[in-house]
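Colleague: I should like to learn how to read the features of a model such as this one. May we take them in turn?

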Amino acid sequence: MMAAPFVHMDSVAKRWNGQLGVEDISLSIPRGSFVALLGPSGCGKSTTLRLLSGLELPDEGTITIDGRNVTTAAPSERNLSMVFQSYALFPHLSVAENVVFGLKVRKVAASDRREKLTRALEITGLLGYENRRPGELSGGQRQRVALARAIVANQPLCLMDEPLSNLDAKLRASVRKDIKKLQVDLGITVIYVTHDQTEAMSMADMVVLMKDGHIQQTGTPEELYYRPANTFVAEFVGAPPMALIEGSILPSFGNAATIGLRAESLSVAETGKGRLTCEVSECEFLGSETFIGLSHPSATGLTVRMPGLKQIETGEKMEISFADEDLHFFDATGHRLADQSGASGS
Ligand SMILES: Nc1ncnc2c1ncn2[C@@H]1O[C@H](COP(=O)(O)OP(=O)(O)OP(=O)(O)O)[C@@H](O)[C@H]1O
């Protein structure tokens, strides 16, 4: 028998004055998983998280956490902790006071507080910083204080809203690893909002990709990458994103309106032997490889990856080839067609 999901949202909707926030959100989240809510600005990620936290109440649908219907329960009744982008630290309190603030409110005994504080500071690498104020810390350290506060709360569910977006790229990568390790070590369930697909793909067991208040696809990072449910997912996930080609210019794939192709499936062909003739539009040197951006009147996002440094003149002609089995097929509404169905040769 399948274990009941730890967090369950069933047909949840939230509107403001009739205007859409999120619609028809259904999600089943297993205990102990790391789930990323991913999507462009305004797609409804934060609204979904706020509905889970109880900071917003839904107009429709139900939310259960650990088997309890919490649809209208107050945030304090949901047994969860939260970490925000803004850290939400008290500037006049020390690191230690910030971390144990919630425990004090809940009247946890002083000796117990000290023990929990030491462990949380240890886990987050903040031992020795307990007397500093947030203003005397770097952004990464402040975010660690917010994480330490979530750790001492000792809740089975932690909701995080873009916790790394105030950090520079290098720090983001290192705190990302800290958060992931924490989640695994503590065995907690994390629901994590981000608009950064690299972050979602590298951290999450399950990614929920949203657009315009609706879920586009829920799955493992591999599922989203290798079997995108529609052209939006295909173009959102992956760096570079999937190239999309008008089906009509590859006539052997009758019923596919759009054909998708990942950069790693493309190769440069000898003159006269390629399947598409493109023009080089840009070269992006990334160190170990160069991304060659190609333009073609019936395609978007065509990129060839070449090892090392390659400098090719913009406007130069380049023929490319690819294998049929690497193609993805989408219908006229952008939905994925069943595998191979487009390749019927009809
Ligand atoms: N309090 C509110 N009142 C009215 N509309 C709101 C409110 N909060 C959110 N919305 C609207 O709901 C939609 C979803 O917003 P939400 O903040 O969930 O998006 P998001 O994906 O988290 O975006 P971002 O990445 O920019 O934070 C947006 O169109 C937004 O304008």
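Colleague: How many of the nine residues of helix α1 are buried?

Modeller: This is a predicted model, and burial is read from it by counting neighbours: a residue is buried if 20 or more other C-beta atoms lie within 10 Å of its own. In helix α1, residues 45-53, eight of the nine residues are buried, and the helix is mostly covered. The buried residues are Lys45, Ser46, Thr47, Thr48, Leu49, Arg50, Leu51 and Leu52. Glycine 54 follows α1 and has a positive phi near 95 degrees.

Colleague: Which residues other than glycine have a positive phi?

Modeller: Most residues other than glycine have a negative phi, and most peptide bonds are trans. Serine 11 is one of the exceptions, with a positive phi of about 50 degrees. Serine 11 is part of strand β1, residues 7-16; it counts as exposed because it has 12 C-beta neighbours inside 10 Å. Asparagine 154 is another residue with a positive phi, near 55 degrees. Asparagine 154 sits in the loop between α4 and β7, and its 14 C-beta neighbours inside 10 Å are why it counts as partly exposed.

Colleague: Where is a cis peptide bond found?

Modeller: Such a bond joins alanine 239 and proline 240, with omega about 0 degrees. Proline 240 belongs to the loop between α8 (231-236) and β11.

Colleague: What is the strand order of the eight-stranded sheet?

Modeller: That open sheet has the order β13-β17-β14-β15-β16-β11-β12-β18, with antiparallel pairing. Its edges are β13 (267-268) and β18 (328-330); each has a single partner strand, so one side of each is left without a neighbour in the sheet. Within the sheet, β11 (residues 243-246) and β16 (residues 299-307) run antiparallel and are joined by two bridges. Isoleucine 245 has alanine 299 of β16 as its bridge partner.

Colleague: Which residues have the most contacts inside the largest nonpolar core?

Modeller: They are Val35, Ala36, Tyr192, Val207 and Val208, in a core of 86 residues. Helix α4 gives the most to this core, seven residues. The core lies between domain 1 (7-231) and domain 2 (240-344), because both give residues to it.

Colleague: Where is the pLDDT below 50?

Modeller: The mean pLDDT of the protein is 90, and 96% of its residues reach 70 or more. The pLDDT is below 50 over residues 341-346, a stretch with twelve contacts in the model beyond near neighbours in sequence. Where pLDDT is low, the predicted coordinates should not be read in detail. The model scores ipTM 0.96 and pTM 0.89.

Note on methods. Residues are numbered from 1 along each chain as its sequence is written. This is a predicted model: local features need pLDDT of at least 70, side-chain atom pairs count only at pLDDT 80 or more; totals for chains, interfaces and linings use all residues. A nonpolar core is a set of buried Ala, Val, Leu, Ile, Met, Phe, Trp, Tyr and Cys residues joined through C-beta atoms within 7 Å. Helices (H or I, at least four residues) and strands (E, at least two) are DSSP runs, numbered from the N terminus. Domain bounds come from an automatic or database domain assignment. pLDDT is the predictor's confidence in each residue, from 0 to 100. Two residues are in contact if their C-beta atoms, placed from the backbone, lie within 7 Å. Two strands pair if DSSP finds at least two bridges between them.
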